[in-house]
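Please walk through this chain with the model open beside the text.

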Amino acid sequence: GNRHAFYGSFAVVGYSGSDGDAQPDARVVPTVVLGFESHLATRVHSILQLYASPSIFDSDDTGLSALTSNKYQLSVGVRYHRGSHLLTFALTENLANMNNTPDVGFQLGWAYRPRRP
């Protein structure tokens, strides 16, 4: 729409494993991101994103159910456009299974897109 956007992303992330005994074997991890963006002002947008993926660990790797549980995270933030630059600040909160990802995270991003002649 003119003031709002919905978007989604599906990715298949390859985890290559590690040589350590405590590390899970290589595997493929499907990941889904759903988002909503709303135009707040001339250069400012709000963002809301939901992230979901299964754990890289299974019951063969650990007996801790929190580590084998799916990951669900919510990010809320703002994007600021200035010329060819895009700045993003977001706060990410773990929604469930508190022991498999950080409970709270901060994201600061910068993107640059050259102007077309």
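The paragraphs below go from the overall layout to single residues and pairs.

This is a predicted model, in which local features need pLDDT of at least 70, side-chain atom pairs count only at pLDDT 80 or more, and totals for chains, interfaces and linings use all residues. Residues are numbered from 1 along each chain as its sequence is written, and side-chain values use heavy atoms, with hydrogens and water left out.

Start with the layout. The chain has 1 helix and 6 strands. Both kinds of element are DSSP runs numbered from the N terminus: helices are H or I with at least four residues, strands are E with at least two. Read from the N terminus, the order is β-β-β-α-β-β-β.

Next comes burial. Of the 117 residues in the chain, 22% are buried. Here buried means under 20% relative accessible area, exposed means over 50%, and partly exposed lies in between (1.4 Å probe, protein chains only). The accessible surface of the chain is about 8200 Å², and carbon and sulfur atoms hold 58% of that surface. These areas come from the Shrake-Rupley method with a 1.4 Å probe; for residues, only the protein chains shown count as cover.

Contacts tell how the chain meets itself. A contact means heavy atoms within 4.5 Å. Among contacts with a separation of 6 or more, 42% join residues 24 or more positions apart.

Now go to strand E2, residues 27-39, where Thr-31 sits. Is Thr-31 buried or exposed? Thr-31 has a relative accessible area of 9%, so it counts as buried. Leaving out residues up to four places away in sequence, Thr-31 touches Ser-9, Phe-10, Ala-11, Val-13, Tyr-51, Ala-52 and Ser-53. A polar atom of the Thr-31 side chain also lies 3.5 Å from the backbone oxygen of Val-29. A polar contact is a pair of N or O atoms within 3.5 Å; within protein, one must be able to donate a hydrogen and the other to accept it, and residues adjacent in sequence count only if both atoms are side-chain atoms.

Phe-10 lies in strand E1. Its relative accessible area is 57%, so Phe-10 is exposed. Phe-10 belongs to a nonpolar surface patch with Val-12, Val-28, Val-32, Leu-34, Leu-50, Tyr-72 and Leu-95. Together these residues have about 730 Å² of accessible area. Patches use residues with over 30% relative accessible area and no salt bridge; like charges are joined within 9 Å, and nonpolar side chains (Val, Leu, Ile, Met, Phe, Trp, Tyr) within 5 Å. E1 and E2 each supply at least two residues of the patch. E2 gives the most, with 3 residues.

Strand E2 also holds Phe-36. Not counting residues up to four places away in sequence, Phe-36 touches His-4, Ala-5, Phe-6, Tyr-7, Ser-46, Ile-47 and Leu-48.

Turn to the rings. The structure holds 3 aromatic pairs. Rings of Phe, Tyr and Trp (its six-membered ring) pair if their centres lie within 6.5 Å; planes under 30 degrees apart are stacked, over 60 edge-to-face, and the rest tilted. One of the pairs is Phe-6 with Phe-36: the centres are 4.9 Å apart and the planes at 45°, so this pair is tilted. The pair links strand E1 (residues 4-15) to strand E2, 30 residues apart. Phe-6 is exposed at 71% relative accessibility, whereas Phe-36 is partly exposed at 26%.

Another pair is Phe-89 with Phe-106. Their ring centres are 6.3 Å apart and their planes at 25°, so the pair is stacked. Phe-89 lies in strand E5 (residues 85-94) and Phe-106 in strand E6 (residues 104-112), so the pair ties together parts 17 residues apart in sequence. Phe-89 is partly exposed at 41%, and Phe-106 is exposed at 64%.

Finish with charge. Side chains of opposite charge can pair when their charged atoms come close. A salt bridge puts a side-chain nitrogen of Lys or Arg within 4 Å of a carboxyl oxygen of Asp or Glu. The count here is 1 salt bridge. Which side chains form it? Glu-37 and Arg-79 do, at 2.8 Å, N to O. Glu-37 is in strand E2 and Arg-79 in strand E4 (residues 71-82), 42 residues apart. Glu-37 is buried at 13% relative accessibility. Arg-79 is buried too, at 19%.
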